[in-house]
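Here is a note for a colleague who has not seen this structure before.

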Amino acid sequence: MSTEEAKTSAQIEQPWFLDALVDRLGGILLAPIDRAFQVETTEFKSKPLATLPYNGAAALAYASSYCSKKTNTPCGQHFDSDCAHFMSHCLAAGGVGVTGGDPAARCSAGLCIRAEELAAAFYNASKQFSNVLQLNGYEQGVRGDYGFLRRLIEKSHAFLLAGTPNATAGPVYAHTAPHCGDLMDTIRIYFGAYYRIS
């Protein structure tokens, strides 16, 4: 088989949805909040950072303060059915935003409101910043880590760990079904993706 035939064969065998995800989510990245809206500028691209500045205590304080609130959020919108929106505000309190993605999928403060995009930003950031780590599983999760539950292949729910999870439950800060450090009880914890910004 020639190189060209092998390349064509590999392209046919690769599931179509992987290409779609890479095309749609490959350019999304966590960034310092003051640079989060500069993703298209050459200044942002020409001055890459080795680490992502982040204040984890401020993010946790925000999560604790706003976890029970459905209204009067900083951007004036509701968290009640939007887990990614809540997590984006937690990240912003810690000094982190999201660059790239669908500009229509933002709240009035410019923060990400789509779990799939937020998960992609964490994944891509783990490849760029030395202090953004993708954990090997829920067993490594601790208070302050971010998690994403799966729905088939795509991430469908975002949360902030309030403590150490087990295979079927974990204490979290989250919205959609609001949690304020109490247990989120679901087997999907086991299959989740987890990240730490140290």
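1. Is Cys-67 buried or exposed? Cys-67 is buried, at a relative accessible area of 3%. Here buried means under 20% relative accessible area, exposed means over 50%, and partly exposed is in between, with a 1.4 Å probe and protein chains only.

2. On the source: this is a predicted model, in which local features need pLDDT of at least 70 and side-chain atom pairs count only at pLDDT 80 or more, while totals for chains, interfaces and linings use all residues. Residues are numbered from 1 along each chain as its sequence is written, and side-chain values use heavy atoms, with hydrogens and water left out.

3. The overall plan. The chain has 6 helices and 8 strands. Helices (H or I, at least four residues) and strands (E, at least two) are DSSP runs, numbered from the N terminus. Read from the N terminus on, the order is α-α-β-α-α-α-β-α-β-β-β-β-β-β. Of the 198 residues in the chain, 47% are buried.

4. The disulfide. A search of the whole structure finds 1 disulfide, where the term stands for a pair of cysteine sulfur atoms within 2.5 Å. The partners are Cys-67 and Cys-180, with sulfur atoms 2.2 Å apart. This pair links distant parts of the chain, 113 residues apart: Cys-67 is in the loop between helix H4 (56-66) and H5, and Cys-180 is in strand E7 (residues 179-185). The link of Cys-67 and Cys-180 is right-handed, with 120° about the S-S bond. Cys-180 counts as partly exposed, at 37% relative accessibility.

5. Other cysteines. Cys-83 is in no disulfide; the nearest cysteine sulfur belongs to Cys-112 and is 9.8 Å away. Cys-83 counts as buried at 6% relative accessibility. Cys-107 counts as buried, at 6% relative accessibility.

6. Helix H6. This helix covers residues 115-128, 14 residues in total, and reaches 20 Å from its first C-alpha to its last, close to the 20 Å expected at 1.5 Å a residue. The expected span is 1.5 Å times one less than the number of residues. Because 11 of its 14 residues are buried, H6 is largely enclosed by the rest of the structure. Among the buried residues of H6 are Leu-118, Ala-119, Phe-122 and Asn-124.

7. The nonpolar core. In soluble globular proteins, nonpolar side chains tend to be buried together. A nonpolar core is taken as a set of buried Ala, Val, Leu, Ile, Met, Phe, Trp, Tyr and Cys residues joined through side-chain atoms within 4.5 Å. The largest nonpolar core has 39 residues, and those that touch the most other members are Leu-30, Phe-86, Leu-91, Leu-118, Phe-122 and Tyr-146. Elements that each supply at least two residues of this core include strand E1 (29-32), H5, strand E5 (154-161) and strand E8 (193-197). H6 gives the most to this core, with 7 residues.

8. The cavity. How many cavities of 30 Å³ or more does a search of the whole structure find? It finds 1, and about 30 Å³ of space lies in the largest cavity. A cavity is a set of points, on a 1 Å grid over the protein atoms alone, where a 1.4 Å probe fits but cannot get out; lining residues have an atom within 4 Å of a point. Grid points are joined across faces, edges and corners, and the volume is the space filled by probe spheres set on the points.

9. The cavity lining. The largest cavity is lined by Ser-88, Leu-91, Val-96, Gly-97, Val-98, Gly-110, Leu-111 and Cys-112. Helix H5 (83-93) and strand E2 (96-99) each supply at least two lining residues, and E2 gives the most, with 3 residues. The lining divides into 5 nonpolar, 3 polar and no charged residues.

10. Contacts across the sequence. Phe-148 lies in strand E4 and counts as buried at 1% relative accessibility. Ile-33, in the loop between E1 and helix H3 (42-46), is partly exposed at 28%. From Ile-33 to Gly-94, 61 residues apart along the chain, the C-alpha separation is 8.7 Å.

11. The chain end. Ser-198 lies in the segment after E8 and is exposed, with a relative accessible area of 58%. Ser-198 and Asn-55 are 143 residues apart in sequence and 9.0 Å apart in space, C-alpha to C-alpha.

Methods
1 Å grid on protein atoms, 1.4 Å probe; cavity = no way out; pocket = protein on both sides within 12 Å on 5 of 7 lines; lining within 4 Å. Nonpolar A, V, L, I, M, F, W, Y, C, P; charged D, E, K, R; others polar.
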